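Look at the structure first, then read on.

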Amino acid sequence: MDTPEPTEPTGLLSRVLGDSARKRGLPPGTAIHIGERKADEVKITVIQYDADGCRTSEDPTLETCARDGETPGTLWINVDGLHQVERIETLGRCFQLHPLTVEDVCNTTQRAKLDVFDDYLYLVVKSQHYRLESHSVEGEQISFVLGKGFLLTFQEQESPLFDDIRRRLRSGKGRIRHRGADYLAYTLLDAVVDHYFTVLEQLGEEIEGVEEEVVAGAGRATVQRLHLLRRELILLRKSIWPLREVVNRLLHQDDSLEWIDPSTTLYLRDLYDHTVQVIETVETYRDLLAGLLDIHLSSLSYRMNEIMKVLTIIAVIFIPLTFIAGVYGMNFDPEASPWNMPELNWYWGYPLVLLLMAGVVAAMLIYFRCKRWL
Amino acid sequence: MDTPEPTEPTGLLSRVLGDSARKRGLPPGTAIHIGERKADEVKITVIQYDADGCRTSEDPTLETCARDGETPGTLWINVDGLHQVERIETLGRCFQLHPLTVEDVCNTTQRAKLDVFDDYLYLVVKSQHYRLESHSVEGEQISFVLGKGFLLTFQEQESPLFDDIRRRLRSGKGRIRHRGADYLAYTLLDAVVDHYFTVLEQLGEEIEGVEEEVVAGAGRATVQRLHLLRRELILLRKSIWPLREVVNRLLHQDDSLEWIDPSTTLYLRDLYDHTVQVIETVETYRDLLAGLLDIHLSSLSYRMNEIMKVLTIIAVIFIPLTFIAGVYGMNFDPEASPWNMPELNWYWGYPLVLLLMAGVVAAMLIYFRCKRWL
Amino acid sequence: MDTPEPTEPTGLLSRVLGDSARKRGLPPGTAIHIGERKADEVKITVIQYDADGCRTSEDPTLETCARDGETPGTLWINVDGLHQVERIETLGRCFQLHPLTVEDVCNTTQRAKLDVFDDYLYLVVKSQHYRLESHSVEGEQISFVLGKGFLLTFQEQESPLFDDIRRRLRSGKGRIRHRGADYLAYTLLDAVVDHYFTVLEQLGEEIEGVEEEVVAGAGRATVQRLHLLRRELILLRKSIWPLREVVNRLLHQDDSLEWIDPSTTLYLRDLYDHTVQVIETVETYRDLLAGLLDIHLSSLSYRMNEIMKVLTIIAVIFIPLTFIAGVYGMNFDPEASPWNMPELNWYWGYPLVLLLMAGVVAAMLIYFRCKRWL
Amino acid sequence: MDTPEPTEPTGLLSRVLGDSARKRGLPPGTAIHIGERKADEVKITVIQYDADGCRTSEDPTLETCARDGETPGTLWINVDGLHQVERIETLGRCFQLHPLTVEDVCNTTQRAKLDVFDDYLYLVVKSQHYRLESHSVEGEQISFVLGKGFLLTFQEQESPLFDDIRRRLRSGKGRIRHRGADYLAYTLLDAVVDHYFTVLEQLGEEIEGVEEEVVAGAGRATVQRLHLLRRELILLRKSIWPLREVVNRLLHQDDSLEWIDPSTTLYLRDLYDHTVQVIETVETYRDLLAGLLDIHLSSLSYRMNEIMKVLTIIAVIFIPLTFIAGVYGMNFDPEASPWNMPELNWYWGYPLVLLLMAGVVAAMLIYFRCKRWL
Amino acid sequence: MDTPEPTEPTGLLSRVLGDSARKRGLPPGTAIHIGERKADEVKITVIQYDADGCRTSEDPTLETCARDGETPGTLWINVDGLHQVERIETLGRCFQLHPLTVEDVCNTTQRAKLDVFDDYLYLVVKSQHYRLESHSVEGEQISFVLGKGFLLTFQEQESPLFDDIRRRLRSGKGRIRHRGADYLAYTLLDAVVDHYFTVLEQLGEEIEGVEEEVVAGAGRATVQRLHLLRRELILLRKSIWPLREVVNRLLHQDDSLEWIDPSTTLYLRDLYDHTVQVIETVETYRDLLAGLLDIHLSSLSYRMNEIMKVLTIIAVIFIPLTFIAGVYGMNFDPEASPWNMPELNWYWGYPLVLLLMAGVVAAMLIYFRCKRWL
């Protein structure tokens with residue numbers, strides 16, 4: 001195949017789009033893995049459950065998957081790692097996925113979206129994690145393929161995000177085993193959205209830290225942190241907005257109703273409320289940060305005023321005094337003329353000059369008091 | 001049950017979301033109390049009334065509640081305190097509430113919303129209080145369950161918000177006892193929205209105080225207060241916007257019409273106008289505060305100019321004078337050469353130098369006058 | 001009646017809402033007068049007209065009003081002063097107004113709105129006046145009740161706003177006597193909107209004054225005026241926006257068509273265009289003011305630069321000179337060593353030092369010229 | 001007639017609304033000329049054309065006009081100058097125009113709008129000209145009355161705007177003579193919109209000039225020009241927005257279809273695209289100007305930093321040196337005590353002090369180098 | 001032909017509109033080439049393909065084109081260079097294009113748009129290139145005419161944008177030869193949108209460079225670059241927004257369905273997602289740049305504070321010291337009076353003065369420490 005090698009972009013664009021390169025110059029429908037290779041090995045987990053039980057198997061041959069699909073109950077296949085495109089293509093053939101879907105699954109620079117196909121729903125969302133060490137938010141793409149009786153999920157790497165749900169499936173607690181693939185998809189989406197709150201909490205702590213520093217009188221480093229936080233919020237916002245649209249379309253479009261049970265709609269509405277809450281919180285954070293920068297700028301101005309006041313007070317008091325002292329330091333010869341600095345020979349000359357200086361200081365202080373600088 | 005203990009978040013996120021933790025990692029539909037435990041004991045008040053009379057009983061066994069529900073008239077059950085989840089669950093079973101509703105009632109981090117169930121309407125709103133001591137706005141969640149002939153309300157703690165309405169019910173004044181549960185729900189919502197105006201009034205007073213300080217020339221503390229006010233308004237706005245949506249949906253959605261009498265719609269429209277007025281007032285306040293910050297920054301700049309002008313005038317006048325005095329303070333030996341500072345021996349030397357200095361001052365003053373600095 | 005006394009709020013909130021207190025804690029539908037008592041006495045004017053003639057009577061007994069209502073032609077009852085609630089209630093009973101309407105008429109903190117009742121349209125608008133002495137805009141509430149063959153208007157006090165229209169009714173000029181109550185309502189609304197232009201003209205003059213001052217180099221007072229103008233515009237905007245909605249609903253809602261003749265719709269469209277023009281003018285003014293503040297800040301910065309340049313030039317020229325003079329003012333004893341300031345005894349010492357100083361000045365001036373500071 | 005004399009407003013409001021006074025206090029439907037009297041005489045041009053020929057006559061008696069209207073072909077009557085209201089009223093009666101239309105034609109403070117009457121379409125637009133001498137944009141109102149077979153246009157004064165189209169009509173080139181009044185109206189509107197691009201080009205040149213000045217380091221005059229440009233753009237934007245609405249309504253409202261041929265719709269869509277392009281260009285210009293102001297402010301700050309650095313470097317170097325020189329200029333008597341400034345009598349005293357001074361300078365320079373100020 | 005020569009505008013407007021002049025004063029439907037003449041010769045490439053093969057011929061006589069149009073398969077005619085209007089007119093006649101379409105093809109200042117004609121779809125889009133040397137984005141207009149079985153594309157000059165697609169057509173790889181002209185149009189549009197990502201990547205790199213410089217403490221040049229980037233983004237945004245509308249209309253308007261196969265709609269939806277992603281990225285970049293300017297301004301303020309602190313500390317320490325030295329440099333005659341500077345003759349006079357000076361320095365340092373300036 002002579003398709004040109006997609007160049008691996010570095011830098012800002014890839015951060016904005018997700019974390020990986022966009023393929024360019026390839027014919028549409030060509031599935032190649034685009035993105036950082038985060039996992040060493042592709043790990044496929046197959047979980048099959050109904051109200052009575054739950055069978056888990058790791059990485060079976062994919063032919064089995066297909067056969068499993070015909071048995072009753074719900075089939076959940078989770079794929080961690082997207083770089084072995086052939087395996088995803090095989091899986092795609094098993095479940096008769098459209099080539100565009102397979103391509104989208106492998107391309108980790110997608111915007112969150114919902115595509116309705118004849119046989120299944122295709123959903124992409126971004127999950128966000130906060131890296132403490134780099135103070136930055138990192139997104140990961142998760143694809144859902146929801147069909148009749150089965151759910152496929154594709155993650156870039158193994159993550160503990162869905163561990164709770166697996167545990168619940170195995171233990172059989174709660175409603176989850178009694179309901180179908182649509183409810184499972186909802187629980188997984190709910191876990192993704194819930195994770196946003198964890199990120200928001202961490203960002204909230206950072207913002208509070210920055211707020212304290214700004215109020216105490218911030219230095220360069222604080223402005224730096226403020227800048228980074230703003231940047232993270234801009235990127236976070238870019239990732240959550242389309243998620244809201246997706247959930248909204250799930251709720252309101254007729255053509256998605258085929259795969260979503262009416263009883264699940266109630267839960268989806270709840271999910272929608274949560275995404276709205278995430279968005280509003282991000283916007284609130286942005287407003288707060290904008291306010292902090294204003295406070296920072298105004299406190300810089302204020303401190304400048306304070307510094308200048310001190311300088312001005314000292315300078316304005318001592319410059320005239322120094323001038324007076326300078327005058328009487330001139331070497332005019334008193335002997336050459338009676339007009340040449342006769343003060344130098346007066347009996348009270350020196351004390352009078354000191355008095356004059358004290359008078360100047362007093363006048364200045366009164367002036368400053370009037371101006372309310374003291 | 002092995003569900004992980006929800007961690008209690010501290011800080012900004014919990015302030016933004018309400019005042020308490022979000023549960024994470026729990027299966028949907030699990031009712032646990034999330035939020036600060038504000039009340040010591042759960043207090044359940046049952047009021048049953050019709051046009052003829054009104055019976056109040058505090059904390060009856062819940063079985064009685066259910067039976068009361070079948071008698072004619074309207075039943076209002078108010079629950080203060082949400083931490084005894086079992087009692088709320090029992091109540092939920094009595095009135096056949098959906099598990100999601102019971103969960104939402106207990107979770108005090110909800111966004112205001114309206115859920116339409118088959119048998120009842122579920123409404124969450126936030127009531128706001130202004131704490132004078134901390135200059136901050138605190139939200140409290142109030143849930144309404146409006147069914148045929150009954151209304152359940154759930155508050156985080158006892159509050160005097162509904163006292164007036166209880167008094168009116170008991171005294172039988174006005175229309176209230178002649179109308180059903182929908183009208184009662186409206187009066188309670190109206191009390192909640194009315195309380196926003198009290199908060200706005202207090203914030204308005206604060207803003208006026210800050211305005212006076214800014215105009216008089218604000219210090220650090222004023223900027224601090226300005227910052228806090230802005231923050232409170234951001235949070236307040238986040239809580240009132242969804243309330244408007246809720247009232248709007250109550251008014252315009254067909255599926256809520258079953259529980260709302262057409263004659264009550266007129267009152268709801270009034271309520272809607274009030275929430276719009278609250279929102280507009282919050283926005284107006286924000287505009288005013290933004291204007292105040294601009295004024296503050298510009299007055300800081302202006303004062304800086306004034307300070308610098310004084311410094312410059314003094315410096316520019318005295319620095320050349322000091323230089324002249326310095327020149328004649330040099331010790332060149334007039335005896336070594338006739339060119340060495342002959343001025344020192346002139347008859348009119350000293351007066352001439354003083355004249356020169358006066359000339360310099362005059363020139364500078366004229367210069368400043370031209371520049372309009374004086 | 002034991003309803004709690006509504007507290008009279010002072011300050012910002014009441015300015016934002018109109019000019020008076022909101023009642024709180026009262027059962028809905030209780031008509032009490034809320035707002036400043038602007039008129040001493042309530043004055044009721046009854047005008048009855050048709051194409052043939054026009055009968056005016058001041059303050060008849062209200063029973064007569066009702067009977068008049070049955071005669072042919074159009075009946076216009078204008079009430080100036082809202083503090084005698086009983087009289088308005090009597091009037092309300094005459095014309096079978098809903099209790100909510102009577103309540104709204106008396107409460108002068110309404111937002112402009114349109115309520116459609118079975119028998120009449122209820123309309124509230126705000127008229128604005130500009131007080132020259134306080135440089136502030138003051139709103140007044142005007143209520144319209146438009147029914148079949150009659151129009152009731154309620155103002156807070158007597159005002160010359162409708163005098164022209166009364167004169168036109170009496171003189172019989174123009175179309176007005178040939179048309180019904182809807183056309184009358186339109187002419188009155190048109191007078192209210194037209195008055196906004198008077199206010200805008202006065203504000204426009206203020207803005208131009210401020211603009212001149214800002215361009216000439218503004219002082220503290222100018223910023224103050226700019227701030228007040230901005231505030232007035234924010235409040236004015238808050239009052240005109242809902243007016244537009246009201247006129248728009250009058251035009252487009254089917255349920256208002258019953259009281260509005262199709263031929264009047266054309267005029268209403270004109271009125272709508274005028275309200276849009278008012279809004280756009282307010283927005284344009286706000287943009288202009290925002291621009292002025294930017295210009296002001298940038299000119300403050302610019303003047304600061306100018307001041308600093310002067311200070312720096314003077315300081316940078318004279319500080320080295322003063323240093324040189326200071327060096328030769330040192331008292332090292334030339335007799336103790338030949339290295340101790342031999343310059344003092346040179347023949348050309350003093351002229352050389354003066355030359356050195358001139359050289360320093362020249363170098364500095366060239367430097368400043370390169371930096372384009374001179 | 002006792003209608004009050006409309007006051008002639010001066011200043012900002014009339015600039016914002018167009019260039020003339022709003023009438024106030026007049027009954028609706030009263031046609032009086034409002035606006036500056038721009039033309040000395042009213043000039044009426046009648047052009048009658050069909051595919052075969054074109055007859056032009058200047059200022060015929062209006063009775064002829066009416067008769068002409070009944071002949072086949074298209075009749076275009078253009079009126080330059082609006083102050084002879086009676087002539088316009090006569091014309092209005094000829095073509096059976098609604099009184100409101102005649103009133104609107106004469107009132108030059110209209111917002112661009114489209115009114116659909118039973119027998120004709122009434123359209124008002126604003127044409128804009130750029131006055132080079134005053135660097136300001138001036139609007140002129142043009143009214144169109146489009147009926148079956150005729151088009152009336154009303155301008156405030158003679159202008160070369162339509163000269164090209166008249167020439168084309170006379171020469172018979174192109175499609176214009178083969179089509180009806182609707183196509184003529186389109187060509188005229190197109191000429192108006194095209195003229196906006198001329199204005200935008202001139203403004204674009206001004207902006208580029210300002211940009212160069214800002215980048216080179218702007219003075220007061222540049223900020224002034226920037227301010228004026230912003231103001232012109234705000235006013236221009238206010239005039240073009242409603243024009244877009246008008247063209248949009250022409251395109252999409254059913255009730256305008258009667259006068260517009262479907263084949264002309266295609267051209268109107270083109271016209272619509274042009275108005276959108278004008279709006280987007282104005283918005284782009286505003287963004288660019290906002291950017292320029294930011295750059296200007298930041299470069300002012302930057303230059304301030306540079307100035308302060310120079311001052312600080314000079315001051316920080318010479319102030320300590322001057323102090324040292326000052327110390328050795330003290331007159332303590334070395335004979336009174338061996339502790340009184342023995343340095344003055346040292347053999348290497350003076351060279352050592354000079355060395356000390358050089359050391360101080362070196363230390364300061366190293367410090368500045370570390371701070372990256374040099 | 002006596003049409004006036006269109007003037008060639010220079011400067012900002014032509015950059016904003018595309019890169020060329022708008023024609024003015026011409027009758028609509030007159031096709032003249034407007035824009036820079038970018039190509040020397042017009043090059044016409046004809047590609048005819050179906051699933052079995054692909055025939056390419058460069059620049060055949062246009063009569064052949066027309067005949068080719070009747071053969072089965074898909075015909076793609078690409079025109080590079082628009083200045084030979086007659087050739088485009090001939091082509092237009094061949095394919096029966098409306099005169100307006102031919103005019104629009106030649107005018108390179110179009111906004112992206114979609115026109116639906118009876119026999120074909122007409123689409124204009126802007127392709128963007130980033131010129132490294134000038135750091136600026138340059139747009140090029142590409143027109144598409146999509147009819148039954150044929151696609152015409154018009155570019156301003158030869159570009160490698162479609163080379164890949166031509167190669168794919170020739171090699172027969174992928175779906176492209178199996179599908180019709182609509183799919184071809186999609187692939188070409190996709191190439192155009194994909195190229196935006198290349199531009200965004202380059203801009204992203206520039207922004208990251210600027211960010212580093214700003215964080216390190218930016219100079220004049222950085223602000224300049226920031227300004228240019230902002231300008232480019234404003235222009236880029238102006239070009240991508242209408243593209244989104246065009247793709248959206250292709251997807252959702254019924255009247256375009258005739259030329260678009262339902263199976264292609266899926267790909268168009270993908271294309272739409274990409275344009276949205278481009279827009280969001282541009283907006284994100286703008287937010288980031290706005291943030292950078294804020295950081296730059298705040299760091300300028302911060303550095304100013306630092307500079308002023310150093311100046312103030314030095315000045316405040318040495319100015320009083322210099323004053324003290326000045327006092328003892330006065331020449332009062334100790335012999336004239338015992339009050340005249342007796343300190344000069346004290347035994348410990350000089351050491352005491354030095355001690356006094358040290359005390360002043362210590363006091364100042366303590367003061368600065370308290371103020372946290374050190």
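## A buried leucine

A residue is buried if 20 or more other C-beta atoms lie within 10 Å of its own, exposed if 12 or fewer, and partly exposed in between; C-beta atoms are placed from the backbone. Leu344(A) has 20 C-beta neighbours inside 10 Å, so Leu344(A) counts as buried.

This is a predicted model: local features need pLDDT of at least 70, side-chain atom pairs count only at pLDDT 80 or more, and totals for chains, interfaces and linings use all residues. Residues are numbered from 1 along each chain as its sequence is written, while chains are lettered from A and ligands numbered from 1 in the order in which they are written.

## Its surroundings

Leu344(A) sits in the loop between helix H8 (262–327) and helix H9 (349–370) of chain A. Helices are DSSP runs (H or I, at least four residues), numbered from the N terminus.

Two residues are in contact if their C-beta atoms, placed from the backbone, lie within 7 Å. Not counting residues up to four places away in sequence, Leu344(A) touches Tyr328(A), Pro334(A), Gly349(A), Asn331(E), Phe332(E) and Asp333(E).

## The axis

A rotation of 72° with 0.0 Å of shift along its axis superposes chain B on chain A (RMSD 0.1 Å). That is the relation of a five-fold axis. Copies are superposed by least squares on the C-alpha atoms of residues with pLDDT of at least 70 in both.

## Where B meets A

The contact takes 52 residues from chain B and 58 residues from chain A. On the side of chain B that touches chain A, H8(B) gives the largest share, 18 residues.

How values were computed
Helix = DSSP H or I, 4+ residues; strand = E, 2+ residues; numbered from the N terminus.
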